[in-house]
Amino acid sequence: MELIVIGHKNPDTDSIISPMIVSHYSDSLFGRHAVAKRAGEVNNETKFILNYLTDSTIKLPDLLEEIKEEKEVVLVDTTEQTQLIEGINENNLFAIIDHHNLGGLKSSKPVYARIEPLGCTCTILYKILKEKHLEITQEVACLMASAIISDTLFLNSPTTTDEDRTILEELNKIAELDLEYYSMKMFKAKSSLEGIETSEIIEKDYKFFEMGSSKVGIGVWETVAPETVNEKKAEILEALKIKKQKDGLDYLFFGVVDIIKENTYLYLVGDEETNLAKEIFKGSLEDNVMFAEHIVSRKKQIVPQLKEKLE
Ligand SMILES: [Mn+2]
């Protein structure tokens, strides 16, 4: 039976690169071949990375929107049922490698599972490769370093651990990237609005959660130039209103994350969101946008706080 490796929907760099790495080493990891897949379109940051590593032999995975035939699944970078493509279920789960909270997945058979509270799935993958004495090539090192830089906002996100720091350093001994320069190029690419409609800005890095009985959507846009998004404020609020209604959400949040100054502009589309945000983030509010200081991580600074209130 075919074994696939896949991350979450609206994939970020980690959710594209981790499947590439796992599939590259799958013979050594699982004793069988595994094919990398992606659960959505790649963002401009990931495109930049893959273009930058031009002689890359590890290719961008094909899109997979639904599992129709029998397959087994190595799931990376999430265990949240609401973030999986159609067809991943308790019967076809083969392995999990993740660095998020347990999202309530079940399995009918025993699975390989490696979950650690680190900054990036690729940090865990590095540890696994080391434990198995597998060779890390320059290409692999570049890819994994890129994912760590992306997920930890170049070690600045509060999700960053000492292991992420050490492992990025180890990887860069092989990758030999100018990390300051390279990460800035990555973040500029991530910030680019080229070819992106306003409605897409809120969906590019969007995750859906069930918290208690509430349906909650949280989109973020990480950028080095928040003003380029904030100047579309009216359009964005309008797009949020439409999405909230269309998806039947109880709460919809959208944050423009300033990667450089490490703040978030939190867009609050209705009274429900505004009241919750006032209780939790206590930032200054101006025309439906709250300025939340020192908030940059959905995973650590937004999701748990909302869950605590709503569950
Ligand atoms: Mn990740």
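The following legends describe close-up views of a predicted model of one protein chain.

Residues are numbered from 1 along each chain as its sequence is written. Because the model is predicted, local features need pLDDT of at least 70 and side-chain atom pairs count only at pLDDT 80 or more, whereas totals for chains, interfaces and linings use all residues.

**Figure 1. Overall architecture of the protein chain.** The predicted chain has twelve helices and twelve strands, where helices (H or I, at least four residues) and strands (E, at least two) are DSSP runs numbered from the N terminus. The radius of gyration is 19 Å, close to the 19 Å that the globule rule gives for 311 residues, so the chain is as compact as a globular protein of that length. This radius is taken over C-alpha atoms, and the globule rule is 2.2 Å times the number of residues to the power 0.38. The C-alpha trace spans about 55 × 45 × 35 Å along its principal axes. Of the 311 residues, 45% count as buried; a residue is buried if 20 or more other C-beta atoms lie within 10 Å of its own, exposed if 12 or fewer, and partly exposed in between, with C-beta atoms placed from the backbone. Among contacts with a separation of 6 or more, 65% are accounted for by residues 24 or more positions apart. Two residues are in contact if their C-beta atoms, placed from the backbone, lie within 7 Å.

**Figure 2. Helix 5 and its surroundings.** Helix 5 comprises residues 138-151, and its 14 residues reach 20 Å from the first C-alpha to the last, close to the 20 Å expected at 1.5 Å a residue. The expected span is 1.5 Å times one less than the number of residues. The helix is mostly covered, with eleven of its 14 residues buried. Among the buried residues are V140, L143, M144, A147 and I148. Packing partners of the buried residues of helix 5 are helix 1 (13-24), helix 3 (44-52), helix 4 (121-131), helix 6 (162-175) and helix 7 (179-191). Helix 5 is followed by L153, whose phi is positive, near 50°.

**Figure 3. The packing of helix 4 on helix 5.** Two packed helices are described by the angle between their axes and the distance between the axes. For helix 4 and helix 5 the angle is about 140° and the axes are 8 Å apart. Axes are lines fitted to C-alpha atoms, for helices over the stretch in contact, and angles run from 0 to 180 degrees between N-to-C directions. The two helices are therefore oblique to each other; angles under 35 degrees count as roughly parallel, over 145 as roughly antiparallel, 65 to 115 as roughly perpendicular and the rest as oblique. C122, T123, L125 and Y126 of helix 4 meet M144, A147 and I148 of helix 5. These contact residues divide into six nonpolar, one polar and no charged; Ala, Val, Leu, Ile, Met, Phe, Trp, Tyr, Cys and Pro count as nonpolar, Asp, Glu, Lys and Arg as charged, and the others, Gly among them, as polar. In helix 4 the buried residues include T121, I124 and L129. The buried residues of helix 4 also pack against strand 4 (71-76), strand 5 (93-98) and strand 6 (112-115), among other elements.

**Figure 4. L171 in helix 6.** L171 lies in helix 6 and counts as buried, with 27 C-beta neighbours inside 10 Å. Leaving aside neighbours within four places in sequence, L171 is in contact with Y126, A141, M144 and A145. The C-alpha atoms of L171 and M144 are separated by 7.6 Å, although these residues are 27 residues apart along the chain.

Figure 5. Most residues other than glycine have a negative phi. H133, in the loop between helix 4 and helix 5, has a positive phi near 55°. This residue is exposed, with 7 other C-beta atoms within 10 Å. N288, in the loop between strand 11 (284-286) and strand 12 (289-293), has a positive phi of about 70°. N288 is partly exposed, with 17 other C-beta atoms within 10 Å. G195 occupies the loop between helix 7 and helix 8 (198-201) and counts as exposed, with 7 C-beta neighbours inside 10 Å.

**Figure 6. The packing of helix 11 on helix 12.** Helix 11 (residues 271-280) and helix 12 (residues 298-310) pack at about 110°, with axes 11 Å apart. The two helices are therefore roughly perpendicular to each other. L276, E279 and I280 in helix 11 meet Q305, L306 and K309 in helix 12. The residues of this contact divide into three nonpolar, one polar and two charged.
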